Amino acid sequence: GESASKTPEVSSANEGSENVVSGGDERSDWPDKFIFGLLPTEDQAELAKRYDPLVEYLEEYFGMDVELYNVANYTALIEAMANGHIHGSTFGPFSYLLAHERANGEAFAIPIRQEGGTLDDIFYYAQMITLEEHGINSLKDIKGNSLAYADPASASGHLFPKAMLINELGLTMDNVDDFPSDVIFSGSHEASLYSVLNGDVKTAGVCSTCIERVFDRVKDHKNFDQLKVFHESAPIPGGPYVIQGDLPQSFKDKVKQAFLDMKDHEQGKKFLEENDYLGGYAEVGHEVYNVVQETAEALGLSPEDLLN
Amino acid sequence: MYAELMRRKKILFKNQLFIWAIIIAMIVWGWTGTNFNLSFLYKGTTNMAVFIFTDLLPPDISAIGSYIQPALQTIYMSFVGMVFSVVLSIFFGFMAAKNTTLHPLVALVSRSIVAFIRATPALILAIILVVAFGLGTLSGTLALGISGVGILGKAFPDVLEEIDQGQVDAVRATGASWFQVMGQGVWPQFKTGFVAWSLYKMDLNIREAAVLGLIGAGGIGYTLQGHINLFQYNKASVGIAMIFFLILIVEFTTAKVRERLL
Amino acid sequence: MSDIVLQTNSLGMTFPDGTRALNNINLTIRKGELVSIIGPSGAGKSTFMRSINLLNKPTEGTIMFEGEEVCKAKGKKLRLIRRQIGMVFQHFNLIKRSPTYQNVLHGRLGYMSSFKGGLGRFSEEDTRQALNILRRVGLEEQAFKRADELSGGQQQRVGIARAIAQSPSLLLADEPIASLDPSSSENVMNYLKTVCEEDGLTSIVNLHQVDFAKKFANRIIGIKAGEVIFDGSPKELTDGIINYLYYNK
Amino acid sequence: MSDIVLQTNSLGMTFPDGTRALNNINLTIRKGELVSIIGPSGAGKSTFMRSINLLNKPTEGTIMFEGEEVCKAKGKKLRLIRRQIGMVFQHFNLIKRSPTYQNVLHGRLGYMSSFKGGLGRFSEEDTRQALNILRRVGLEEQAFKRADELSGGQQQRVGIARAIAQSPSLLLADEPIASLDPSSSENVMNYLKTVCEEDGLTSIVNLHQVDFAKKFANRIIGIKAGEVIFDGSPKELTDGIINYLYYNK
Amino acid sequence: MNQLINKKKQTTNQMIVWLLFVFFIFSLLQVGILDERIFQAFSRVEGLLLGMFPPVVNEPIDLAGAAIESLQIAIMGTLWGIIFSIALAMFAAKNLTPHISISYALKAFGAFVRAVPALIWALLFIIAIGLGPTPGILALAINSIGMLIKVYSEAIEEMDTGLIDALRATGASKFQIVMQGIIPSIMSIFISWSIFRFDINIRYSAVLGVVGAGGIGWELVRASRIAAYDQVLGITLVIFGMILLAELLTRFLKERADLATAKAME
Ligand SMILES: Nc1ncnc2c1ncn2[C@@H]1O[C@H](COP(=O)(O)OP(=O)(O)OP(=O)(O)O)[C@@H](O)[C@H]1O
Ligand SMILES: Nc1ncnc2c1ncn2[C@@H]1O[C@H](COP(=O)(O)OP(=O)(O)OP(=O)(O)O)[C@@H](O)[C@H]1O
Ligand SMILES: [Mg+2]
Ligand SMILES: [Mg+2]
């Protein structure tokens with residue numbers, strides 16, 4: 001059937017949608033329902049709120065049904081996008097690259113936390129942490145000490161720290177894991193933080209926003225005063241909102257416009273306030289992530305290599 | 001007498017009707033609530049076939065190397081973790097089963113503890129263990145052990161409650177103590193179920209990825225998951241094959257041991 | 001010969017589903033007696049036996065065994081009482097997956113430390129004795145077979161052997177010769193009679209074969225529909241009573 | 001009266017553990033006979049019965065039942081043969097958690113469509129007949145109890161009722177009166193005799209009670225250590241033979 | 001002679017036990033269980049545990065919605081799992097299978113189903129169907145089959161063979177033997193395994209994270225991403241409550257059934 005080809009479901013879009021909103025002609029090849037996936041990305045500090053206002057806003061804006069899916073696994077989202085089952089989604093910076101590669105996803109917008117903020121405010125950092133007592137002050141001191149990464153697929157918890165080692169110390173993929181005495185995946189940023197505090201590992205790569213939000217809980221830890229950041233990465237752009245690239249251009253434009261206009265609508269504003277996206281959405285293009293991609297490629301970090 | 005039979009059948013029938021009504025109501029509720037519909041599946045078979053034959057297959061044999069070390073580690077952790085959970089679960093199991101418990105209240109408490117362990121998400125277990133014992137295989141093993149109590153601590157009492165009471169009575173009638181009744185009357189009947197479930201836990205441990213991944217203990221399941229997350233599906237299929245192989249070994253052992261005991 | 005071993009007082013038993021299996025049973029059994037209980041199928045014979053060692057808890061009345069109130073006993077006390085009371089089950093109730101000799105050894109559990117018994121570490125003496133008893137009941141060749149591989153009569157004899165291994169002071173045997181051929185039956189009954197006479201064992205034996213009851217028992221109790229309707233010596237058991245017991249509705 | 005119902009030819013059976021339970025059994029059983037098999041415990045009586053309907057596959061020899069070779073039958077054919085052969089088990093083998101009447105109705109399964117039988121949709125006629133048989137064996141009051149709540153003798157009679165409900169042409173009864181009191185025993189044996197004489201049913205009954213065998217059977221077969229050592233009419237069964245059968249080692 | 005065979009069997013058994021023991025010690029060393037951290041564990045974990053209390057349930061209405069969705073998915077997943085597993089288990093159990101190779105094949109199939117990670121199953125269905133509860137349900141059903149085939153068939157294999165013999169002797173067909181003999185005899189163990197699987201599925205729908213429009217698993221991931229362990233504990237308690245509820249409901253139904261049975265059989 002038609003769903004065999006890996007293109008989004010553009011089928012039977014012309015039925016019944018004309019009379020909803022004017023300009024029916026250009027909508028003839030739009031999907032009849034906008035399906036959007038949501039993924040908890042690592043730089044999202046506040047993920048507590050629901051997305052009902054967003055759905056209401058978008059439905060009103062498009063004049064068509066909107067369906068949101070919360071999915072905790074980005075592989076699932078990317079495969080769904082590649083097979084035409086969803087039209088758009090949020091991703092983390094690195095998973096966006098994968099979505100771009102595998103599902104032809106295109107970044108189009110990004111939420112901004114600060115009121116009146118600009119694109120400059122979307123960045124966060126990968127940090128290398130340690131305890132004072134270990135006497136580790138720079139990347140090269142990691143030599144012979146243990147190092148924890150968060151998760152193999154985490155940008156700030158694995159890919160960027162590793163890239164830093166390769167880039168700044170002149171290591172290669174082959175010997176970067178032999179540089180520290182031990183390389184461990186802890187599974188999460190917080191586990192890495194605890195492991196450093198407890199002295200189980202000497203150093204760890206973590207994301208700045210991720211550990212700040214648990215400082216409250218660990219500030220009584222006896223080693224908390226000793227915790228220090230001894231190196232920081234170049235700015236990493238936050239996770240973008242992504243749309244499937246094979247969709248009709250008019251549709252993609254409309255979706256982008258919907259997010260950019262959000263702060264001017266009552267429903268949209270409600271959603272933004274509830275989620276602490278006080279600056280609304282700013283437009284981004286794939287170029288913003290060229291930094292991520294170029295770094296990765298220049299270092300020979302194709303996805304396949306990263307795990308070995 | 002036939003009329004009497006019909007009257008009694010009616011009582012049963014009414015009750016069955018009631019139970020089926022509840023079950024069917026739940027199914028209808030679930031069905032409509034989830035819009036479950038299998039016709040999609042038929043439409044999507046081509047997509048699935050494409051995925052299986054172009055992405056999963058052919059397996060990338062060179063990936064075997066990346067699995068060897070985790071596989072070994074998995075076996076060590078699985079084995080110790082299994083022993084750990086078996087020991088704890090035997091205790092909880094005997095306490096929780098109606099016919100072997102020391103007191104009904106003890107049974108209730110045991111069942112609740114086990115249910116709570118089962119309800120505890122991998123994530124909570126993982127973070128507690130990482131904080132308590134640090135990253136690595138030690139925590140991983142303990143995680144496997146504890147999560148096993150959730151499974152075996154439920155399975156063992158269910159098996160125990162099904163054994164033939166007449167045989168147990170006979171041992172009890174000799175004046176045997178609780179421990180003796182368990183050892184000589186219950187155990188011979190229980191051991192096949194015991195072996196099967198314990199090895200099933202081994203099977204679970206071998207595949208486990210969630211907790212182990214969150215703990216930095218690695219293991220074959222986690223490596224496999226890593227390949228999936230990076231879309232290296234033809235490396236993933238090698239991992240699946242290896243896990244399949246390991247599970248078959250466990251299954252075969254189970255069958256052999258049970259045959260001996262049955 | 002006149003010590004009271006067992007005394008029941010207005011014993012009654014009603015099953016949860018309402019079946020009235022025993023009704024006002026008052027019996028006194030003395031040391032060394034070999035009492036046979038007879039009665040039609042469903043009369044309550046098995047239920048009576050299972051009440052004595054509390055495998056079925058009677059719903060009314062009291063049971064005194066060697067001066068102890070059985071119904072009130074618990075834990076260690078109950079175990080000690082049960083150790084004194086050997087039981088041969090109507091359905092044998094062997095541990096099917098354990099070998100024959102081990103089933104006999106179970107009779108020794110009450111005499112061992114809880115731990116050793118639980119692990120099956122029986123002493124050499126106990127083991128020899130168990131094998132001896134097996135020989136007595138004609139099963140030396142079956143000693144190492146699994147219990148469920150035995151023929152019906154062989155299983156029944158294992159059940160008897162287990163009860164005897166217990167060296168009880170009271171033996172409850174529920175139709176111990178139902179599945180036995182005439183020769184084995186006589187063998188077993190003779191054995192019981194000898195033990196009663198020589199060692200002062202007291203036995204209560206449910207029997208369907210009235211001729212065996214008359215031949216071996218010194219006292220016969222007839223139960224019908226949960227009530228004792230005859231209690232006397234074999235000679236006093238007339239054909240009229242037997243008729244009433246089995247045939248009259 | 002002279003049609004051959006069952007014929008065995010050098011039938012032999014060795015269990016996996018090496019026990020030789022049957023040895024070169026050659027028997028011919030004719031329509032309408034009530035044959036009683038007697039012999040000491042462990043002689044191979046049950047094994048012989050279980051061979052006939054292939055519950056134990058014999059290791060040697062052939063069995064012909066109504067002209068069909070049993071050992072070679074499979075699938076539907078085997079089911080049809082088994083439907084013709086009713087069996088009363090020594091250990092009853094009732095479905096313990098199903099009610100009594102349902103256990104009897106199981107005898108009808110072979111006659112029903114697989115589906116109806118599986119769902120337990122027994123016809124009114126079958127049900128009435130099952131209840132009738134239960135009345136015949138004196139269990140009308142137990143018809144609705146769960147099978148495991150019955151007394152030993154009651155369970156045994158349910159097993160008999162199930163086999164009879166099957167309307168078999170050959171009935172194999174393995175010690176059907178072992179757990180029955182004299183009155184029920186006579187009742188059951190009389191019933192079997194009547195059915196044999198009137199309906200042309202053929203019965204093979206394992207018995208331990210030689211007197212019952214002599215009274216009811218028209219032919220007695222003595223088995224010892226897996227071999228037929230006597231085959232004749234009740235009158236031909238002398239005390240000497242009985243002695244040899246049971247007592248001589 | 002018998003004794004001799006027994007002796008031989010015993011020595012091999014003992015040898016196997018010893019080998020396992022040695023391997024156990026070896027594995028113990030491999031996983032580094034003898035570690036000083038064992039003794040410091042409590043003091044280290046104290047602060048974290050305190051952070052989990054008191055458990056919090058934010059926005060209970062949303063959480064209830066998510067819980068209901070997970071429950072519905074678990075019901076459907078279990079339903080399909082049970083239906084297919086019962087059918088397959090009848091052919092996988094050695095004492096019922098038409099041919100032993102069918103039994104082996106089905107058991108290997110079960111092992112294969114278990115070897116493929118839940119995530120891959122979920123991906124397969126997502127690729128075919130798209131997002132939503134249906135792929136989650138199918139993934140749960142498949143996973144249930146992997147476990148239940150094994151559990152059901154082993155329960156059947158352990159049944160008293162006498163009962164099967166008795167029905168076979170009446171000439172009953174396989175289907176009849178199953179329905180009239182096996183199901184009544186192992187009904188209660190069937191029910192308890194099915195409930196057990198339902199319970200696993202409730203939790204599994206929570207961790208699978210791909211079951212669709214939310215579900216309690218999403219809530220869990222959400223709370224954990226923001227490292228709000230008091231919320232995570234709150235959600236855990238909700239899941240615990242769901243499991244208990246399922247258990248209570250079945251117990252109620254079972255008791256009612258027993259009562260009716262008693263009434264009909266008295
Ligand atoms: N668990 C039970 N629930 C309900 N009724 C029962 C139970 N056990 C036994 N009964 C009933 O109690 C009555 C007495 O049973 P009991 O087993 O004592 O008979 P019995 O004299 O031993 O008979 P038999 O000689 O046939 O073994 C019978 O009618 C039986 O159906
Ligand atoms: N499954 C088995 N495995 C090994 N030996 C067995 C098995 N079943 C029976 N036997 C042996 O075969 C012999 C004959 O057994 P069978 O059950 O036929 O005896 P029987 O004549 O029915 O005796 P009874 O009157 O005691 O019931 C016995 O010695 C028994 O121990
Ligand atoms: Mg009885
Ligand atoms: Mg026999």
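## Basis

The model is predicted: local features need pLDDT of at least 70, side-chain atom pairs count only at pLDDT 80 or more, and totals for chains, interfaces and linings use all residues. Residues are numbered from 1 along each chain as its sequence is written, chains are lettered from A and ligands numbered from 1 in the order in which they are written, and side-chain values use heavy atoms, with hydrogens and water left out.

## Chain contacts

Eight pairs of chains are in contact. Of these, chains B and E share the most contacts. Contact means heavy atoms within 4.5 Å.

Chain A does not touch chain C; their nearest C-alpha atoms are 43 Å apart. Chain A does not touch chain D either, with nearest C-alpha atoms 39 Å apart.

## Ligand 1

Ligand 1 is surrounded by 22 residues. A residue counts as near if one of its heavy atoms lies within 4 Å. The closest are S41(C), S46(C), T47(C), S151(D) and G153(D). Chains C and D both supply surrounding residues, so the site is shared between chains. Helices α1 (45-52) of chain C and α6 (152-165) of chain D each give at least two residues to the shell. Helices (H or I, at least four residues) and strands (E, at least two) are DSSP runs, numbered from the N terminus. The shell divides into four nonpolar, 13 polar and five charged residues. Here Ala, Val, Leu, Ile, Met, Phe, Trp, Tyr, Cys and Pro count as nonpolar, Asp, Glu, Lys and Arg as charged, and the others, Gly among them, as polar.

Oxygen atoms of ligand 1 make polar contacts (pairs of N or O atoms within 3.5 Å). A polar backbone atom of K45(C) is 2.7 Å from a ligand 1 oxygen. For K145(D), a polar side-chain atom lies 2.8 Å from an oxygen of ligand 1. A backbone N or O atom of G153(D) lies 2.6 Å from a ligand 1 oxygen. Alone, ligand 1 exposes 640 Å², and the protein buries 89% of that. Accessible areas come from the Shrake-Rupley method with a 1.4 Å probe.

## Ligand 2

Around ligand 2 there are 22 residues, the closest being S151(C), G153(C), G42(D), S46(D) and T47(D). Residues of chains C and D surround ligand 2, so this site is shared between chains. Its shell holds four nonpolar, 13 polar and five charged residues.

A polar side-chain atom of K145(C) lies 2.8 Å from an oxygen of ligand 2. Backbone atoms also take part: a polar one of G152(C) is 3.2 Å from a ligand 2 oxygen, and an N or O of A43(D) lies 3.2 Å from a ligand 2 oxygen. Helices α6 (152-165) of chain C and α1 (45-52) of chain D give two or more residues to the shell.

## A helix pair in chain E

Helices α3 (residues 60-92) and α4 (residues 100-115) of chain E have axes that come within 8 Å and cross at roughly 135 degrees. Axes are lines fitted to C-alpha atoms, for helices over the stretch in contact; angles run from 0 to 180 degrees between N-to-C directions. α3(E) and α4(E) are therefore oblique to each other. Angles under 35 degrees count as roughly parallel, over 145 as roughly antiparallel, 65 to 115 as roughly perpendicular and the rest as oblique.

From α3(E), L88(E), F91(E) and A92(E) meet I102(E), S103(E), L106(E), K107(E) and F109(E) of α4(E). The contact residues divide into six nonpolar, one polar and one charged.

Terms used: A polar contact is a pair of N or O atoms within 3.5 Å; within protein, one must be able to donate a hydrogen and the other to accept it, and residues adjacent in sequence count only if both atoms are side-chain atoms.
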